[in-house]
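Here is a short walk through the model you are about to see. Please keep the viewer open and follow along as you read.

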Protein chains: 4
Amino acid sequence: MANSKYEYVKSFEVEDKLMPFNWIVVRIDGRHFHQFSDVHEFEKPNDKQALELMNSCAEALLEEFKDVVFAYGVSDEYSFLFKKTSEFYQRRASKIVSILVSFFSSLYVMKWKTSFPLKELKTIPCFDARAICYPSTKIVRDYFSWRQVDCHVNNQYNTCFWMLIKSGKTKREAQDILKGTQTPEKNEILFRLGINYNELPAIFRKGSCVFRDQVEEIVKYNQDGDPVKRLRTKVGIVHCDIIGDAFWREHPKILSD
Amino acid sequence: MANSKYEYVKSFEVEDKLMPFNWIVVRIDGRHFHQFSDVHEFEKPNDKQALELMNSCAEALLEEFKDVVFAYGVSDEYSFLFKKTSEFYQRRASKIVSILVSFFSSLYVMKWKTSFPLKELKTIPCFDARAICYPSTKIVRDYFSWRQVDCHVNNQYNTCFWMLIKSGKTKREAQDILKGTQTPEKNEILFRLGINYNELPAIFRKGSCVFRDQVEEIVKYNQDGDPVKRLRTKVGIVHCDIIGDAFWREHPKILSD
Amino acid sequence: MANSKYEYVKSFEVEDKLMPFNWIVVRIDGRHFHQFSDVHEFEKPNDKQALELMNSCAEALLEEFKDVVFAYGVSDEYSFLFKKTSEFYQRRASKIVSILVSFFSSLYVMKWKTSFPLKELKTIPCFDARAICYPSTKIVRDYFSWRQVDCHVNNQYNTCFWMLIKSGKTKREAQDILKGTQTPEKNEILFRLGINYNELPAIFRKGSCVFRDQVEEIVKYNQDGDPVKRLRTKVGIVHCDIIGDAFWREHPKILSD
Amino acid sequence: MANSKYEYVKSFEVEDKLMPFNWIVVRIDGRHFHQFSDVHEFEKPNDKQALELMNSCAEALLEEFKDVVFAYGVSDEYSFLFKKTSEFYQRRASKIVSILVSFFSSLYVMKWKTSFPLKELKTIPCFDARAICYPSTKIVRDYFSWRQVDCHVNNQYNTCFWMLIKSGKTKREAQDILKGTQTPEKNEILFRLGINYNELPAIFRKGSCVFRDQVEEIVKYNQDGDPVKRLRTKVGIVHCDIIGDAFWREHPKILSD
């Protein structure tokens, strides 16, 4: 039976190649995660277990997909960076987007039990995803600065909000107190509630960076009992500032051509 | 801290709305599923449990997303149809594609244990996905005919191939025997191996159709003990021909405007 | 000298195929034509010569491009319709758009002298253009209805406006009088100024339709002096209603598949 | 009469913004210009008048559109470069492409008489056009190098070909002689025919570059009769190498951010 009679329907598929020589960022973002975190009683304003589950999925994703050179995560979102010369699935947008988000979603469910041994997964975790092209490293850095500023702004607000709630305010009262406040005022509110913002865990304040790095490992000991070391590439996570130059200077490989 | 300095990076996101008044098909497809089915020792040529796991995910997907009016699955792929007037996520391609494939992937892992109580999930199931626009119901039907013809062609070949293997042939020998054969010759090979192709389970030969249907349900019994029935819309699965007119005539709602 | 070193720059060209099996409309629109019509002292509210120059260009365009089956023009804009199965330049959007607008622009300059023998072309006529896909004949008809309603609304307003100007009002006064008026009030204003709107030339009120039609032509006379006729396909222009069914029923070929 | 009933057809227009922060090249290319140059008896292999007509149109285009910072022309094609920060028509591809090609086409017809006072314009000049995004200045330079290499390769071949024709060979014979020849062999053929390739006019060998430059102009003479000079920006044309660094170093403004 010839298939040709119907095969013309394939011609409706449109080419969706991402521009060559552009960096590609794929950002995934939890769908209805406000509700998801309620159902699963995530701690407020930040649930460390939930963040580490996201990080663990991102790490596994970088282990699998060599073309992803860097990832930055905050809250229920994660951004993955592909080198500008990457030919991953011939740069076809829907392939790249769907494979990353599918892989991440499967991992999230598979790793749930490890992160939350006592919590049942009650609803279906779901993420959306999009691919964005950036023509220069300068703009790629601005992208990640944008996400980290967002992390800071949201985290500071949420920390204030939930500390006020824990101090006995209603949600409405907390919102009213925070309306229109700037960074110094928020810091003061936190201070009065006994919290030094800068001493909060860096994972909350800075988000998480995932990338490959060379680490020296002891591979064996020689006859004299001296360690034999070797450089190995390993995916690791840090929580630090990525807006300034320091991080990128220390890790020049990430944004090298 | 103002975010505006970096927010310009948002301007690189491109609008990817799918054409209005077109039917939308999202097809998901297992990535490296040949290997996945080897690792998990799926039965050849068809593993009923694996197919029913796919179906169960598709059913749950239709329960969740009311805009999906029909789905057709075969092997490790599933096609989901949105009405042409659907405004699901404002018809943004990457939203639609990513959410469906993410939801399906999470379900696949969550439901694994039920389908395979004795098998551990050893590798990470992953699907790609794409969205395609079709301007008319005629072409939508041709699309599903295309998939069902493909189901038939592949299933017939695979059934022959694996029956030859089970009869003692090597893979190379089986391939050589099947090279260039047409439907009647394949049926004859099967017949000689004691198999009547048309008596194989319909789920293998026809694939699976998932859609909402009105079913009469007993909701309670009145005082006389008579059943009180009500029409309810329920997602169901059938395995039947969808190339001819009969199916679509019986279910006119699916392709109605 | 090998060219290959630089040829990679071709890979940045993106495929821009218009969806198959969709009708294609290319609409061209005068750029800065308000100013252009001032410079060339076009008559207000309608300059018959200028409209006929547009029509003449559209006619020549249909003579050249067989895939264009219908065109509708009003003021300084023209819409050209390609059959949904057209494979003109493999349906590449930029090819189709650029070739049509380039051809039209050249014609406009070449034909200027014939339309305006006493007027010099003082500035450079320029048109923009875009291509739009429509999945059904119903929507194609709605498209042309949209343009004809626009023609009517604009023409009625402009006729009122310029009649008020000619009756001695300032532009500001005319605008104030017309602000918020509906069709009946505008007709009354015209009536008071001695104009029966429905008796204005159809080319002003209805715009112009260009399409191929079969006409009977006398090709020669036989020995008895009787005319020998033959059907010939000719591009012609009419000014009539295209919102109702009559026009399309009379010319079924235009929208036939 | 409300227009809203039909206005939904506007929703089928797709956004076609060109990527921000990318250089934009619009290349126009003569359609059927082989035939066009035969009909108008252009000199072979190069018609200086025809090239200067193209150049004159490009110059006028740069005078009109300030966002175009550079243009390079060869034969019947011209490439126009927009700065990467240009917001010309909000970077909408079809607007940019159509306006440039329309403007150029009108100019071509309007200027024809000046270039060819004794030749009637017998057929309709028509150009296609496309827009391409380039993410870096390096790639923009490679683009123009690509075009200039093409200019050289074609011109050398064509010069050989037409010199052989003029020496009495048939077209077939000329093709056979040139088949597979490299640059040195072509130069030798030309040498034998009495032509030193490097002494041919630069406009043939190098194509034409159009850009704005600062020129010192005498604006008036003061009382003592001394000239008062002022720097003025003027669009000019040169025919020189643009593959090496020299040109771009001398004109740093063109590719500056």
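Buried means under 20% relative accessible area, exposed means over 50%, and partly exposed lies in between (1.4 Å probe, protein chains only). With that scale, C:Ser75 counts as partly exposed because its relative accessibility is 48%.

This is a predicted model, in which local features need pLDDT of at least 70 and side-chain atom pairs count only at pLDDT 80 or more, while totals for chains, interfaces and linings use all residues. Residues are numbered from 1 along each chain as its sequence is written, chains are lettered from A and ligands numbered from 1 in the order in which they are written, and side-chain values use heavy atoms, with hydrogens and water left out.

**Chain A as a whole**

Let us begin with chain A, which has 9 helices and 6 strands; these are DSSP runs numbered from the N terminus, helices being H or I with at least four residues and strands E with at least two. Its C-alpha trace spans about 70 × 70 × 40 Å along the principal axes. Chain A has 257 residues, and 51% of them count as buried. Among its contacts (heavy atoms within 4.5 Å) with a separation of 6 or more, 70% are between residues 24 or more positions apart. The accessible surface is about 12500 Å², with 50% belonging to carbon and sulfur atoms; such areas come from the Shrake-Rupley method with a 1.4 Å probe, and for residues only the protein chains shown count as cover.

**Pairs of chains**

The size of an interface is often given as the accessible area lost when the parts come together. Here, buried area is the accessible area (1.4 Å probe) that two parts lose on being put together, summed over both. Between chain B and chain A this is about 4700 Å², with 63% from carbon and sulfur atoms. In this pair, 55 residues of chain B are in contact with 55 residues of chain A. For chain D and chain C the buried area is about 4700 Å², with carbon and sulfur atoms giving 63%, and 55 residues of chain D are in contact with 55 residues of chain C.

A salt bridge is a side-chain nitrogen of Lys or Arg within 4 Å of a carboxyl oxygen of Asp or Glu. By this rule there are 8 across the interface of chain B and chain A, and 8 across that of chain D and chain C. One from each interface is listed here.

| Salt bridge | Closest N and O atoms |
|---|---|
| B:Lys95 with A:Asp128 | 2.6 Å apart |
| D:Glu13 with C:Arg130 | 3.1 Å apart |

Which residues does A:Ser94 touch, not counting those up to four places away in sequence? They are A:Asp16, B:Ala129 and B:Arg130. A:Ser94 sits in helix 4 (residues 93-115) of chain A and is buried, because its relative accessible area is 17%.

**Backbone details**

A cis peptide bond links A:Lys44 to A:Pro45, with omega about 0°. A:Pro45 lies in the loop between helix 2 (33-39) and helix 3 (48-64) of chain A. In chain C, the bond from C:Lys44 to C:Pro45 is cis, with omega near 0°.

Back to C:Ser75: its phi is near 50°, a positive value in a residue other than glycine. This residue is in the loop between strand 2 (68-74) and strand 3 (77-82) of chain C. D:Tyr89, also not a glycine, has a positive phi near 45°. D:Tyr89 is in the loop between strand 3 (77-82) and helix 4 (93-115) of chain D, and at 22% relative accessibility it counts as partly exposed.
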